[in-house]
Every structure is written in structure tokens, then in C-alpha cells.
2 protein chains.
Amino acid sequence: MKMGAKRFLIFLCFTILTKAFTQKKLSDHPLPNAAQLSWQKAELGAVFHYDLHVFDKKKYLQTGISGNRINPIPDYQIFNPEQLDTDQWIKSIKKAGFKFAIITATHETGFALYPSNVNPYNVKALKWKDGKGDIVGDFINSCRKYGILPGIYVGIRWNSFFGVHDFKVNGTGEFQKKRQLYYNQMVEGMVKELCTQYGPLFEIWFDGGASHPDLGAPDVLPIVKKYQPDCLFYHNNQLAEARWGGSESGTVPYPCWSTFPTPYSHTGDTTTDHINLLKHGDPEGKYWMPAMSDAPLRGYNGRHEWFWEPGDEEHIFPLEELMHMYYNSVGHNSTLIMGLTPDPRGLLPEADVKRLEQWGEAIEKTFSKPIATTAVKGKELALALNGSKIIQNIVIQEDISQGQRIRKYNIHGFTNGRWRVIAEGQSVGHKRIHRLEPIAVEQLRLEIQESTLPPIVSFFGVY
Amino acid sequence: MKMGAKRFLIFLCFTILTKAFTQKKLSDHPLPNAAQLSWQKAELGAVFHYDLHVFDKKKYLQTGISGNRINPIPDYQIFNPEQLDTDQWIKSIKKAGFKFAIITATHETGFALYPSNVNPYNVKALKWKDGKGDIVGDFINSCRKYGILPGIYVGIRWNSFFGVHDFKVNGTGEFQKKRQLYYNQMVEGMVKELCTQYGPLFEIWFDGGASHPDLGAPDVLPIVKKYQPDCLFYHNNQLAEARWGGSESGTVPYPCWSTFPTPYSHTGDTTTDHINLLKHGDPEGKYWMPAMSDAPLRGYNGRHEWFWEPGDEEHIFPLEELMHMYYNSVGHNSTLIMGLTPDPRGLLPEADVKRLEQWGEAIEKTFSKPIATTAVKGKELALALNGSKIIQNIVIQEDISQGQRIRKYNIHGFTNGRWRVIAEGQSVGHKRIHRLEPIAVEQLRLEIQESTLPPIVSFFGVY
């Protein structure tokens with residue numbers, strides 16, 4: 001297709017105005033590995049939380065002395081999901097457009113949802129299914145069946161059954177030392193089991209990080225790297241292939257860079273400065289480390305619950321809140337992972353399923369039919385809309401396989417006979433969505449004002 | 001049968017010489033309950049020790065920081081008794097004349113040999129038999145098959161897996177308190193399981209006692225009394241229906257009384273005085289509490305091993321040592337419990353089986369064919385031997401269902417034309433064996449010199 005005369009003129013005009021970009025050597029430029037690239041492209045995932053206390057009919061307490069972190073569940077035989085159907089879980093998120101799903105193989109109780117041979121506190125101990133259940137296995141089979149990428153979450157920081165508090169086996173003297181060694185070996189054994197028995201994993205998520213072997217914690221990184229070289233490692237004090245985005249709000253602020261100054265994301269630093277670094281990243285950072293946004297679906301109106309509890313349906317986020325999250329996570333170059341939690345039947349509750357479906361439909365409706373798109377190498381991209389159109393969203397994507405290069409850009413819209421800036425920003429990365437007040441425009445122009453290397457915009461679309 | 005004239009004369013003669021006994025009221029007189037009576041009559045039992053470390057190919061260390069009490073077994077999957085045959089265990093002791101057998105349902109590692117639903121660290125966690133093994137169940141079935149009375153040993157004082165040291169969950173603060181409550185509940189749950197799932201038990205043995213609920217230990221006594229009212233309870237700081245005989249030598253010193261001054265046998269008192277009280281009992285004691293002698297079969301020549309270890313055959317007690325034990329336990333009014341330990345195949349080793357067989361034969365040979373016996377109420381019992389006979393053993397038994405009444409006695413032998421004292425003693429109880437240098441006698445006379453109530457000698461025999 002030939003470029004129209006008018007468009008060509010605009011193109012020329014703004015070429016002249018383009019600022020020089022700070023040129024970097026390519027070798028200084030952090031790039032994602034294959035796992036990170038897939039993880040960012042996936043955009044939306046779910047983390048399914050399921051543990052013994054889902055069955056205790058009580059409110060889950062995340063903190064305090066009566067919390068599950070220090071108070072073993074009195075009777076683990078309460079775990080009895082009689083209608084367990086992991087297909088139902090996975091179909092629900094598939095329909096909502098999620099691309100990957102993670103399951104809590106263990107959480108803070110220490111109970112393993114799969115038949116471990118190194119941690120006896122697991123499904124084999126149950127009367128349920130005569131000890132023959134394997135929720136991790138079922139889950140991963142369902143993922144593969146429905147084309148969802150499977151991941152595993154491992155909680156090793158807390159274990160109220162074995163007596164582990166913030167990675168440390170509670171106790172004193174030689175007694176404590178011996179049990180710490182044993183616990184570390186148990187954890188390493190579990191990580192090996194999880195990394196070898198269920199095929200390729202998309203992500204492994206260590207709850208709260210996995211600390212550092214030099215601090216006395218289990219040495220999990222070499223195990224993951226040996227048995228799951230293509231799996232995203234999230235994370236310990238040695239390495240974070242993604243970083244927590246600094247809140248559990250399901251959002252990151254803007255700008256949000258995919259790079260970070262250290263190969264690990266945090267080592268116990270809880271200062272505001274560090275939290276801000278987690279939220280924003282560092283455009284000068286030498287390590288590729290995209291941000292995760294996470295939130296539990298049941299986090300609305302005074303609750304923040306990763307685990308199913310009776311009567312919490314009213315705390316399921318309304319659709320508009322979820323859309324807000326989407327714009328402020330995926331739309332900010334961050335992968336969004338939503339916390340879902342099946343109920344004691346073993347099913348994702350109908351209300352949650354319905355909300356996910358509505359959300360998926362809303363995203364689909366908004367973004368499935370662009371008014372116009374383009375992808376041209378260079379510092380300017382122009383889009384003619386074939387007449388005046390009401391637009392509400394602009395999406396920009398970089399080809400992040402070549403790094404995050406754009407540092408500053410703006411978008412002009414041609415409307416009512418003149419050009420004006422309708423959006424501007426710094427970070428693009430995998431995806432930047434500008435949500436606009438509805439506005440009628442005839443043409444759009446993306447101008448990359450600053451970049452570290454020649455920018456590669458892989459997508460520029462308007463909705 | 002009419003009493004011969006000569007015998008009658010002797011009888012009369014010694015009636016005159018009989019000293020008065022201190023008469024007590026019958027109500028002051030402690031009596032055994034049915035469980036204690038059966039336990040004393042059984043005389044010989046076995047306690048089978050089996051635990052994870054039988055499979056570790058290492059020497060078992062009962063103490064020290066590297067011991068199994070504080071050092072969890074690194075890999076519990078080593079437990080793999082491929083040729084397990086509890087029939088073979090029980091046939092071995094049946095042949096040796098043992099009347100009851102006890103199995104360590106749990107020992108110091110905390111690992112349960114049966115499929116518990118309250119303690120996940122159990123056979124269900126094993127690859128062995130695909131988690132479907134039940135050694136306690138097999139054991140008890142074998143006992144019933146061969147007419148051996150089954151008992152269960154529960155180790156709750158130590159648990160290196162869960163982190164329990166001398167009943168206390170190791171740890172600090174609220175964390176420790178919560179896990180202590182959980183542990184106590186776990187133990188109580190296990191005791192209930194063991195008391196309800198395997199039919200009537202002959203004895204329940206709490207390793208090192210079960211402490212006292214007031215000291216923060218599990219409250220096990222009401223559970224045993226509720227579900228196994230006819231089972232011998234051994235023991236906690238509230239009640240001991242038998243007492244430890246003060247050593248693990250398989251012997252008690254003489255005299256050994258079946259009565260004790262308190263309803264419990266020890267509450268942590270390790271003074272020499274208390275150990276002596278355990279060994280001897282107290283003839284004035286108001287509580288019936290017969291003494292147990294115990295020793296591991298592999299306790300000879302510098303070893304004392306309750307658990308199988310490679311290359312320990314030379315430490316199996318020689319026959320003469322075992323006979324010494326028999327005389328100094330059963331022959332001293334104490335029930336003897338021998339520690340046996342199957343090997344990693346799941347079989348009692350051939351050398352142990354052979355020694356048991358020899359032992360059983362030796363006891364049988366010595367005691368199965370008395371030269372003469374009698375049982376007459378009264379203070380004197382006479383035995384004519386139908387001519388001069390070489391004797392080596394004299395056995396006296398009281399009808400202990402009526403209490404332990406005899407306080408002093410002697411035995412005269414008529415030899416070479418005159419009577420002389422050939423044995424004397426204080427305690428008789430269920431059984432007193434006098435092992436003599438071979439001596440030729442024509443007649444014997446047992447004279448009860450002192451007793452609290454009229455003595456009831458149920459057996460007087462010579463071998």
C-alpha cells in the first residue's frame with residue numbers, strides 16, 4: 001500500500017522534530033531470556049491458592065499469633081474436596097483469556113497438594129481419595145489439556161506443621177540445627193520432585209522468595225536451573241527473573257521498567273525507596289526483571305483474601321475494578337497474576353467464574369477489533385483511521401526480545417483540523433495501554449522522542 | 001491321695017515352729033487387677049523394635065547430639081522391608097515360650113509403623129507397598145494367629161522429625177506453644193487410633209512414660225482407660241500398672257515386691273534410692289505394681305542394642321546369660337520382656353531366632369517335668385520325692401490374685417538323714433525360683449515364716 005501524500009508530509013515533518021536518542025552499546029543492553037519473554041507476552045495468569053484451612057470454615061488470618069503461619073491446622077483430614085475438578089478451574093481462566101496458571105503446591109501450613117516422597121505432610125496422608133490424590137498433577141494435566149501454561153508455587157518460608165518461621169526452623173541449639181538441615185533437604189527434595197515429575201513448567205514461584213543458601217535457607221536455584229532450565233525463576237536472594245511489583249493491588253504505577261539494578265529483587269529491604277524501585281524498576285538497570293502485578297480476586301471492599309472463605313462473594317472485585325487493574329498492570333508493562341481459590345467442594349465458585357468470564361469478555365470486546373494498527377521500524381509511526389473515529393484506547397508494544405529501548409514518546413492525534421498531543425509517556429516495554437476519554441481523531445502519530453538504541457515498535461494500535 | 005505317716009509327722013512338727021504373721025485387714029491389701037494378673041502370669045514377653053534407622057546401615061546412637069532423638073533420618077524412604085513377615089517374628093517367640101509381644105508403633109524418630117490419620121509421618125508416606133503397609137496391623141494379626149497376646153509401644157517422649165525433646169516441643173514463644181498443643185493432640189489421636197483399631201491389647205507401653213498432662217504432656221490415660229479398659233497401662237506420671245525394674249539388664253534383684261508406695265512409678269526421680277525402690281518395690285506399698293525386667297537380646301559383650309544393626313550377631317546374649325536373666329527376672333517375681341529387632345529384610349535374623357529357640361528349649365527342659373509338686377493352703381507345704389533325687393530348682397508361687405502375702409519363708413531339705421535349710425527368702429509373689437547347686441534330697445518342706453494374711457501357695461515344685 002502506498003503512503004498517502006498527506007501522511008507522507010506529516011511523516012517528513014516530524015522526522016525533523018525527532019530528538020536524538022542516547023545510543024548505548026548493544027552489549028550493555030539487558031535482554032529477556034526466553035522464559036521472561038514468554039512470561040511478559042502471556043500478560044495474564046492466575047495463581048490458585050488451596051490449602052488445608054480452606055476447609056476449616058474459619059476466617060484465614062495471615063498474621064497474628066493465631067495465624068496459620070504458626071498454628072498448625074488441628075486436623076488435616078478436613079481436606080476433602082469431594083467434587084474436585086481442575087478442568088473446571090482451568091476452563092474458567094481460559095475463557096477469561098488467561099495464558100498461564102500456577103498452583104500452590106505448598107503454602108504456609110506446609111501441607112503439600114501432591115504425593116511427595118520427601119515431605120510426609122501431603123495428600124498421601126489423607127483419607128481423601130484413599131491417599132491417592134494429586135492436585136498438582138491434576139492441575140497440570142488440566143492446564144495442558146486446555147493450552148494453559150502451568151506453573152508451581154512453593155511455600156517454604158513458613159511451615160506451621162514442621163515449625164518454620166521466616167525460613168528458620170524454630171528451636172534452639174543442636175536440635176534446631178539438625179532440624180534446619182533436615183528441613184532444607186526436605187525442601188530441596190520437594191523442589192526436585194516438582195521440577196522433574198510434571199513436565200516443563202512455565203514459572204516456579206517461591207512464596208516470599210526463597211532467601212539465600214548463605215543465610216541458611218534451602219539451596220533451590222541450582223535445582224530449578226538443572227531440571228527446568230526454561231522455567232521462569234521467581235525468586236530468591238540470588239536471582240529474580242521477574243520481580244514483585246511492590247504491592248498486592250494488581251497494579252504497578254507508571255512508568256514501569258523491565259530492568260533492575262541487581263540480579264535479585266529484594267533481600268529483606270522494606271524501605272519506601274526499595275518498594276518504589278520494585279514498582280518502577282530502573283531504566284538504567286543491568287538486569288532484565290519484568291514486574292509482576294498480583295492481587296486476589298476476592299480483594300474488594302475491606303478484604304484481601306487469597307484463600308476461600310465462607311461468605312466472601314461480596315469481596316470479589318467488580319468488573320470496573322478489574323479493568324482498572326488490567327490497564328494499570330498489563331497496560332503498564334507488567335504481567336498480572338490474579339489470585340483464585342477453589343472452595344471446599346474443589347470447584348472455583350460460580351460467582352468467581354462469572355466475574356472472570358465478564359472480565360474476559362470486557363477485555364476481548366475492548367481490544368479484539370482495533371480501528372487501525374501498524375508496526376514499522378523507526379522513530380515515528382503513523383496511523384490513518386479512515387475518517388474520524390471515536391477512540392478510547394491506544395496500545396503500543398516494543399519488541400522486547402531486543403530489550404526495552406524507548407525512554408520517551410508522545411502520541412499526536414489529528415482532530416478538528418489540527419494535531420495535538422493526546423498521550424505521552426516514557427516506558428513502553430511489552431505493552432503500554434493509554435486509556436483515554438473518548439475522543440474523535442482522524443489520524444495518529446507515535447513519536448519516539450528518546451531511546452537507548454533504535455526503537456523497535458512491534459505494535460501500534462488504536463481502539 | 002492320702003498323706004504318708006512320715007510326711008504327716010513332719011507337717012505337724014513344723015506347724016509348731018511356725019511364727020505368727022502380721023495380720024492385715026484385707027481392705028488394706030493391694031490386689032492386682034485382671035490386666036496385671038495376666039501380665040504377671042505371662043512371665044515372658046517380647047518387645048519388637050523397628051524404626052527407620054534400622055535401614056540406614058549405620059550404628060544407632062541412643063544419646064549425643066547426633067542421635068536419632070534430635071537428628072531426623074535424612075530419607076525416610078529407606079524404610080523398605082521387602083520380605084516383611086510378622087508371622088516369622090511371632091512364630092520365633094512362640095517357639096521360645098513367650099506369651100505376649102509388643103511392637104513399637106512409634107519410637108524416637110516419630111515415624112509410625114501404621115497408617116495413622118493424625119500423624120502424617122507414617123507408613124502411608126512410603127514408597128514401600130505403595131503406602132499401603134501396616135506393620136502394627138500385620139503384627140497384631142500374627143499375634144492372634146499364633147495365640148500370642150499383642151501389645152503396643154508408643155514413643156511420645158522424643159520425636160526428632162517433629163522436634164520433640166523429652167515431651168517438649170523444641171522452640172520458643174507462641175510458636176512453641178501452638179505446636180505443643182498440636183503435638184499433644186496428635187499423640188492423643190494416635191493413642192486413640194491404636195486403642196480402637198486393633199482389638200483388645202494386652203499392654204500399652206509408653207516409652208519412658210508419658211509424663212503428665214499437668215506438665216504439658218499429652219493426656220493419654222483417659223483414652224487408654226476408655227477404649228482399652230482391660231489393657232495394662234505402662235505408664236505415666238499418673239499411673240503405672242507395672243513398673244520398670246530399674247535397669248535394662250533383664251533382671252531385678254531380690255527381693256522384688258509387686259507393690260509400690262505410689263500409683264505411679266517415677267516422675268523424673270533418678271536418685272539411687274528411687275532406682276532401688278523400682279528394683280525392689282515396697283512390701284508395704286499400697287499400690288499393686290509388678291516389676292518389669294527388660295533387655296535387648298543383642299545386649300552382650302559391650303553392646304546394648306534395641307535396634308538391628310549390621311554385624312551385631314556377636315552381641316546376641318549367649319544361652320547361659322539368658323538363663324541367668326530368666327532366673328533373675330521371672331524367678332524373682334518379675335515379668336521379663338526381651339527386646340527383639342527385625343532386620344532390614346523384615347525378618348528376625350536367623351541367629352536371633354536360633355538363640356530364642358535354644359532358650360525356649362532350655363527353659364522347657366528345666367521346668368517342664370517337675371520331680372514333684374504340691375499346692376496346699378497353709379503355712380507349710382511338704383514334698384516327698386519318692387526316694388533321693390538330685391534337684392536343681394525349686395519353684396514357689398503365690399496365688400497373687402489374693403495379693404502378695406508372704407514376707408519370709410524357708411525351705412528345708414531332708415538329705416542324708418537330716419533336715420537342713422537349703423533355701424530361704426522373703427518375696428514370692430507370682431513366682432520365685434531358687435536355682436541350687438545340684439543336691440540330693442528325699443523330702444522338701446516350705447515353711448512360711450511371716451505373711452500379712454494367711455499365705456496361699458498355689459504351686460510348690462521341685463526340678
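This is a predicted model: local features need pLDDT of at least 70, side-chain atom pairs count only at pLDDT 80 or more; totals for chains, interfaces and linings use all residues.
1. The buried residues of α9(A) include A:D352, A:R355, A:L356 and A:W359. These four cover an arc of only 100° around the axis, which puts them on the same side of α9(A).

2. On the face of α9(A) directed away from the buried side you will find A:E350, A:K354 and A:K365, which are exposed. As for its overall geometry, α9 of chain A runs over residues 350-367, 18 residues in total. From first C-alpha to last, α9(A) reaches 26 Å, close to the 26 Å expected at 1.5 Å a residue.

3. A:Q83 also deserves a look. You can find A:Q83 in the loop between β1 (44-48) and α3 (86-95) of chain A. Is A:Q83 buried or exposed? A:Q83 counts as exposed because 11 other C-beta atoms lie within 10 Å, and the cut-off for exposed is 12 or fewer. Leaving aside residues up to four places away in sequence, A:Q83 touches A:R345, A:G346 and A:L347. A:D343 is 260 residues from A:Q83 in sequence, while their C-alpha atoms are 9.8 Å apart in space.

4. On to the domains. Chain A is assigned a domain 1 made of 5-30 + 369-462, and a domain 2 covering 34-367. The C-alpha centres of domain 1 and domain 2 of chain A are 36 Å apart. Their contact draws on 16 residues of domain 1 and 19 residues of domain 2 of chain A. On the domain 1 side, strand β18 (residues 432-451) of chain A gives the most, with 3 residues. By class, that side of domain 1 of chain A has 4 nonpolar, 8 polar and 4 charged residues.

5. Finally, the two chains. How many residues of chain B are in contact with chain A? There are 26 on chain B, and they meet 25 residues of chain A. Helix α5 (residues 173-196) of chain B provides the largest share of the chain B side, 7 residues. The chain B side that touches chain A divides into 10 nonpolar, 11 polar and 5 charged residues.

Technical notes: Residues are numbered from 1 along each chain as its sequence is written. Chains are lettered from A and ligands numbered from 1 in the order in which they are written. Two residues are in contact if their C-beta atoms, placed from the backbone, lie within 7 Å. Helices (H or I, at least four residues) and strands (E, at least two) are DSSP runs, numbered from the N terminus. Ala, Val, Leu, Ile, Met, Phe, Trp, Tyr, Cys and Pro count as nonpolar, Asp, Glu, Lys and Arg as charged, and the others, Gly among them, as polar. A residue is buried if 20 or more other C-beta atoms lie within 10 Å of its own, exposed if 12 or fewer, and partly exposed in between; C-beta atoms are placed from the backbone. The expected span of a helix is 1.5 Å times one less than its number of residues. The arc is that of the directions from the helix axis to the C-beta atoms. Domain bounds come from an automatic or database domain assignment.
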